[in-house]
Amino acid sequence: MAEKVAIVGARALKAEPARKNIYYTELLFENNYSFLSEIGMNWDDMESIVETGCDVADGRSISNVFTVDAAGGHMKEETKVEEDMGIGLAYAYMRVASGKMGNSMLCSYGKGSEMPDPHFFHGLSSEPIFMKPMGLDELSIAALQATAYMNKFGLTERAGAIMAELDLANVALNPLALESRRKKFTVDDILNSKMLSTPITELEFITVSDGACCMMLTNEDQATKYSDVPVWIEGIGMCNDLFYPGHRDLADTKAISKACERALKMAGCSIDDIDLIEIYAHSSWQELMVLEALGFSEQGKAAADVESGKFALGGKLPVNPSGGALGANVWISAGGTRVAEAVWQLQGKAGDHQVKDAKKAMVYILGGTGLMCNAVYVLGR
Amino acid sequence: MRRVGVVGVGQTKTKMRRTDVDYPGLCFEAIQEALDMAEMTIDDIDAVVFGSAPEYFEGVNFPEKWCSDHTGGFMKPHFRIMTGGTVGASTGIAGFYHVASGMYDTVLAITGDKLSEGEVQFNLSTVYDPIFGRDFAAGAPSAVAIQASVYMHKYNIKEEEFAIVAVQERKNAQNNPYAQLQLDITVEDVMKSPPLSTPIKLLDACPASDGAAAMILTTEEKAQKYQKPAWIRAVSAIAEGVDYTFRNWAVNTALMKAANKCYKEMGITNPRKELDLVEVYDAFSPQMLIWAEGLGLCPLGKGGEFLNSGAASMEGDMPMNPSGGVLSANTIGATAMVRQVEACLQVMGKADKRQVAGAKTALAHGWGGGIQFHTIMIVSSEKG
């Protein structure tokens, strides 16, 4: 029988367009070090650390060479997952669930402002011979995907804007989000913002920012030592779709449904038990597709459900109470931050965007581009 | 905790350049060999964990996505571990936790790199600080040259003692069909080879290779159906901060912590006696001496004497690197996993011409980063 695994707390830095005053290792240090004192843990009592990072984001080979001491990993059981922190959570969970490790830090940082072209990050993940010359990146794949989704269900361009309006209304309440996005935006504002790649407009898409996020996982024995309200990782489901965008129907999200099914099975609950959802995706269009794939809306009906108020902060099932990644996208950290937001919701620490009496949350994390790599978590208090 | 057994391992023949396959194809070859050994198909795999060295080597970010269709990732969990030189071992260890956690029953761990696609030492020079360190273009040999020099001065070691390793490794490699450098050389040849970064000479250094390695790990219930699985008895991966100035390069505390943790877990008090062989990550010959000391196979400073005595040869009481080690093939991405794969083959009794007779317990080591990450996995034919 696997050990129960709790998240005792999480911390994230306020996202900013560019933290020019400090080095990326200092971002990590600032967040991790403050976090340990906040939860009252001595550094000596931390056994293990899972770093998440990406060499291409840092412009540097083997990025954890220089982050390990800033992160607090000196002489600890250490490893690095080269993906979003939200994907890294699955591995951090496994290490504690095995019974071999107690207090385990999971952390991430991102300083996308140092990257000359933010699309380089995912653009470089194309297959090098046939795909790369086409310049496919997270934006163009998301745009192809949104178009396929629109066509499949006969939607108009308003659908993506309706979802973005909900996200941005919540972003305005989230003090950790980018200030430039913490305003009131109407559907028309969103539709009239700069066209990035048809049908995706600027306000329907992530914007790269600087920041960091971390959380502490531990076993049942130590969970209440560091938190009055430990949040339990009850279910994890992961599922990859095909890599080549031309090999699959981009509007088909069966891999997400599969991941969700696995997470619910492990948690032993159904989607009816979920009180809120946090989604990490690159565009509001993908968020609609995710909501349908997870089973919270019928196929092609997510935008209509958003319009009905079902998913609003005061609605029946709040989606992205934090505003999601449209509020800030720190490469590698943004998915982890969605998990952190769910943790704060369940601990009752979400401030102005708190969902009343939240007991169970679902978090969706996108890895890579175009909803190819998917992770779904069920968290409960 | 759930016990974890290895029931299939696979490797590709390492070469300087494989022009006949691309990177995903290379990974596929190793996976097929592992599946064949385990008598499985990809449908029997519940989850895949991928590992490779820095993206810059092949020039593709998130290469696990590109490889995913070829590594069995479709409709499965599939993510990537990346810890530099240790990545192969870190990925094997991640496979262990996939099963030990109870999350998955049968897991494929796959690692590989195609170093011929890029400029390895150029890319490794970007490890260093972009403002203060990169201009030195130190790469890997210069960092290890500093380590070797500190070690030589501390214990009064001679370069010839390193050369013995270079000869022994290439001799062992002649028995390993997967190795790249199967050389018949002498200590004199090594001493006369051109200097790369003093005291390291060409023949003291590993080659750069194309290759992949895979492991299939499963539960106790499933593993015991196999005639002789390799049981994973202990794992550890310790990192230390990369303090170039004040670190004691000759004594690797992270290695000692990782090794001692594993020994303690298994109740090993005399590793030289209780281990039947070790596979260490000796990217450069001086490291074999330093790692032997760190693993407690001989006293500190006595690595040269230990190697000189022949104790670590195939005929000795503590064979090191029957495979020919990293000095005979280095893909970086798969290298530390190859150590684990070789350890498994030995305790499974499937190491053919390089088999250590009656091997029951074997240790696999890896190092990475600024000589700061150390991994240990101990496998045994006994469940424990």
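A residue is called buried when its relative accessible area is under 20%, exposed when over 50%, and partly exposed in between (1.4 Å probe, protein chains only). Keep that in mind as you look around: what you have open is a predicted model, where local features need pLDDT of at least 70, side-chain atom pairs count only at pLDDT 80 or more, and totals for chains, interfaces and linings use all residues. For finding your way, residues are numbered from 1 along each chain as its sequence is written, chains are lettered from A and ligands numbered from 1 in the order in which they are written, and side-chain values use heavy atoms, with hydrogens and water left out.

**Stop 1**

Select chain A. Of its 381 residues, 67% are buried. Switch to cartoon view and you can look for 13 helices and 11 strands; these are DSSP runs, numbered from the N terminus, with helices (H or I) having at least four residues and strands (E) at least two. The radius of gyration, taken over C-alpha atoms, is 19 Å for chain A, close to the 21 Å that the globule rule gives for 381 residues, so the chain is as compact as a globular protein of that length. That rule is 2.2 Å times the number of residues to the power 0.38. Along the principal axes, the C-alpha atoms of chain A fill a box of roughly 55 × 45 × 40 Å.

**Stop 1: helix H11 of chain A**

Now pick residues 284-294 of chain A, which form helix H11. How many of the residues of H11(A) are buried? It's 11 of the 11, so H11(A) is largely enclosed by the rest of the structure. Just after H11(A) comes A:Gly295, with a positive phi of about 100 degrees.

**Stop 2**

Axes here are lines fitted to C-alpha atoms, for helices over the stretch in contact, and angles run from 0 to 180 degrees between N-to-C directions. H6(A) and H11(A) are therefore oblique to each other: under 35 degrees would count as roughly parallel, over 145 as roughly antiparallel, 65 to 115 as roughly perpendicular, and the rest is oblique. Show side chains to see the contact (heavy atoms within 4.5 Å): among those taking part are A:Ala142 and A:Tyr149 of H6(A), and A:Trp285 and A:Met289 of H11(A).

**Stop 3: a helix pair in chain B**

Jump to chain B and select residues 87-100 (H3) and 335-348 (H13). Their axes are 5 Å apart, at an angle of about 55 degrees, and that makes H3(B) oblique to H13(B). Zoom in on the contact, where you'll find B:Gly88 and B:Gly92 of H3(B) and B:Met337 of H13(B), among others.

**Stop 5**

Most residues other than glycine have a negative phi, and most peptide bonds are trans. Go to A:Thr198 and A:Pro199: a cis peptide bond joins them, with omega about 5 degrees. A:Pro199 sits in the loop between strands S5 (195-197) and S6 (200-201) of chain A. In chain B, B:Thr198 and B:Pro199 are also joined by a cis peptide bond, with omega about 5 degrees.

Next, select B:Phe62, in the loop between strand S2 (47-51) and helix H2 (63-68) of chain B. B:Phe62 isn't a glycine, yet has a positive phi of about 45 degrees. Is B:Phe62 buried or exposed? Buried, with a relative accessible area of 2%.

Finish at B:Asn156, in the loop between helices H5 (139-155) and H6 (159-173) of chain B. B:Asn156 has a positive phi of about 55 degrees without being a glycine, and at 62% relative accessibility B:Asn156 counts as exposed.
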